[in-house]
Amino acid sequence: DGERNRLLDEMRRHTEALAKQRKHEDPRLSFSTPEYKDFSRKFTENFKKNFGKPIEWAMVKRYPWSTPTLQHLEHPVDAAGE
């Protein structure tokens, strides 16, 4: 019984220390803020479009049965493949 009470007290002190740390935390560093979610969405969209730059390297299959390898393209293409 005494061991259990000691463990409970230790857990309470630990959670109080964590609460004190959170009080001084910068909310801008949280991954759940609307600003971060908006930034993440925009970054992902631009990443898929290669940030507006032409694609010069691609995973290319020489034959339908071969494994794709990373190769430099002779003619760069845009994100739509044109």
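Biologist: What percentage of the 82 residues in the chain do buried residues make up?
Modeller: This is a predicted model, in which local features need pLDDT of at least 70 and side-chain atom pairs count only at pLDDT 80 or more, while totals for chains, interfaces and linings use all residues. Residues are numbered from 1 along each chain as its sequence is written, and side-chain values use heavy atoms, with hydrogens and water left out. Buried means under 20% relative accessible area, exposed means over 50%, and partly exposed lies in between (1.4 Å probe, protein chains only). Buried residues make up 4%.

Biologist: What pattern does the chain follow, read along the sequence?
Modeller: Helices (H or I, at least four residues) and strands (E, at least two) are DSSP runs, numbered from the N terminus. The chain has two helices and two strands. Read along the sequence, they follow the pattern α-α-β-β.

Biologist: What is the radius of gyration of the chain?
Modeller: The radius of gyration is taken over C-alpha atoms, and the globule rule is 2.2 Å times the number of residues to the power 0.38. For 82 residues this rule gives 12 Å. The chain is well over that value, so it is more spread out than a compact globule, and its radius of gyration is 26 Å.

Biologist: What percentage of the accessible surface of the chain belongs to carbon and sulfur atoms?
Modeller: Taken along the principal axes, the box that the C-alpha atoms fill is roughly 75 × 35 × 15 Å. Accessible areas come from the Shrake-Rupley method with a 1.4 Å probe, and for residues only the protein chains shown count as cover. The surface of the chain comes to about 8000 Å², and the part that belongs to carbon and sulfur atoms is 58%.

Biologist: How much accessible area do the residues of the nonpolar surface patch have together?
Modeller: Patches are made of residues with over 30% relative accessible area and no salt bridge; like charges are joined within 9 Å, and nonpolar side chains (Val, Leu, Ile, Met, Phe, Trp, Tyr) within 5 Å. One member, Y36, lies in helix α2 and is partly exposed at 32%. The patch consists of F31, Y36, F39, F43, F47 and F51, and together they have about 690 Å².

Biologist: What is the phi of F51?
Modeller: Most residues other than glycine have a negative phi. N50, which is not a glycine, has a positive phi of about 60° and sits in the loop between α2 (34-48) and β1 (55-60). F51 lies in the loop between α2 and β1 too, and is partly exposed at 44% relative accessibility. The phi of F51 is also positive, near 55°.

Biologist: Which residue has the backbone oxygen that the side chain of S66 reaches?
Modeller: S66 is placed in the loop between β1 and β2 (69-77). A polar contact is a pair of N or O atoms within 3.5 Å; within protein, one must be able to donate a hydrogen and the other to accept it, and residues adjacent in sequence count only if both atoms are side-chain atoms. A polar atom of the S66 side chain lies 3.3 Å from the backbone nitrogen of R62. At 2.8 Å, the S66 side chain reaches the backbone oxygen of Y63.

Biologist: Which residues is V77 in contact with, leaving aside its neighbours within four places in sequence?
Modeller: V77 lies in strand β2 and is partly exposed, with a relative accessible area of 24%. Contact means heavy atoms within 4.5 Å. With those neighbours left aside, the contacts of V77 are P54, I55 and E82.

Biologist: Which residues do salt bridges that share partners join into one network?
Modeller: In helix α2, R41 and D38 are three residues apart and their side chains meet at 2.6 Å, N to O. R41 and E45 are four residues apart in that helix, and their salt bridge is 3.3 Å, N to O. Salt bridges that share partners make one network of D38, R41, K42 and E45.

Key
Salt bridge = Lys/Arg side-chain N within 4 Å of Asp/Glu carboxyl O.
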